[in-house]
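Colleague: I am new to this one. Please walk me through how the two chains meet.

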Amino acid sequence: MIETEAPLSLILFSGTDDKLSAAAVLAVGAAAMGRPVNVFLQYYAVEAFRSDRIHADHGVALEASIAQAKQVAAYPGQHWSELLRQAKELGDVKIHACALSMEMFHLEKCDLDPIVDDVEGVAAFMTDASGPITFI
Amino acid sequence: MTTAEFALTKSIDARGMACPGPLLALIGAIRQGQIGDTFEVLSGDAGSRTDIPAWIAKAKHELVDVIAEPGFARFIVRKAR
């Protein structure tokens, strides 16, 4: 195996497909290069990981123009959930949903896709996420 | 140099795959292969030009050659461990 490197810690707040795709590319790249990855899902990202709508159209960020939104939709890359699945196969990648956000949206662990490891509080995430944190 | 000279174990046509698809396809093949196996990845993705050499250096395999073709590149990789 590749020797362990500094972890990549991502907080996913946005639930739009473009931001989730960008985050998934970062996660799979980090996993390929031997870096542990900690992903913490908050707010709208939690909703995007619902098992009944993970493959639904989650739209794009507000800053995308109509023309850009069409380009994003037309791009042939893999779905972000598939990239995250591959990241988990490649390396040490943990995906946790924020307990507060789960409560806010009346969600239980069983409502989320199995790609999400568990529900945890922010302090537990901070234990894993030593070093810099990227907020998306 | 033609690819026939490398005695390829497997050729992976990842043309049309978006970044980081070609790299992921290579990693999958290497994981399933034996030490000494030689793989060829065809990629038109610009990211592969930096990603495949970076991963090979990190994972300590061997980049045998990179051959530029019109619109894509052939990465010849040997599984070293």
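Modeller: One term to begin: a crossing is left-handed if the near helix is turned anticlockwise from the far one by less than a right angle, and right-handed if clockwise. This is a predicted model, where local features need pLDDT of at least 70, side-chain atom pairs need 80 or more, and totals for interfaces use all residues. Residues are numbered from 1 along each chain, and chains are lettered from A as written.

Colleague: In which hand does α4(A) pass α1(B)?

Modeller: Helices are DSSP runs (H or I, at least four residues), numbered from the N terminus. The α1 helix of chain B covers residues 21-32. α4(A) passes it in a crossing that is left-handed.

Colleague: At what angle do α4(A) and α1(B) pack?

Modeller: Axes are lines fitted to C-alpha atoms over the stretch in contact, and angles run from 0 to 180 degrees between N-to-C directions. The two axes lie 12 Å apart. The angle is about 35°.

Colleague: Which residues of α1(B) does α4(A) meet?

Modeller: Contact means heavy atoms within 4.5 Å. From α4(A) come A:Leu83, A:Gln86, A:Glu89 and A:Leu90. They meet B:Leu24, B:Ile27 and B:Arg31.

Colleague: Which side chains meet in a salt bridge?

Modeller: A salt bridge puts a side-chain nitrogen of Lys or Arg within 4 Å of a carboxyl oxygen of Asp or Glu. The rule finds 1 across the interface. At 2.2 Å, N to O, the partners are B:Lys58 and A:Glu5.

Notes:
Heavy atoms only, no water. Helix = DSSP H or I, 4+ residues; strand = E, 2+ residues; numbered from the N terminus.
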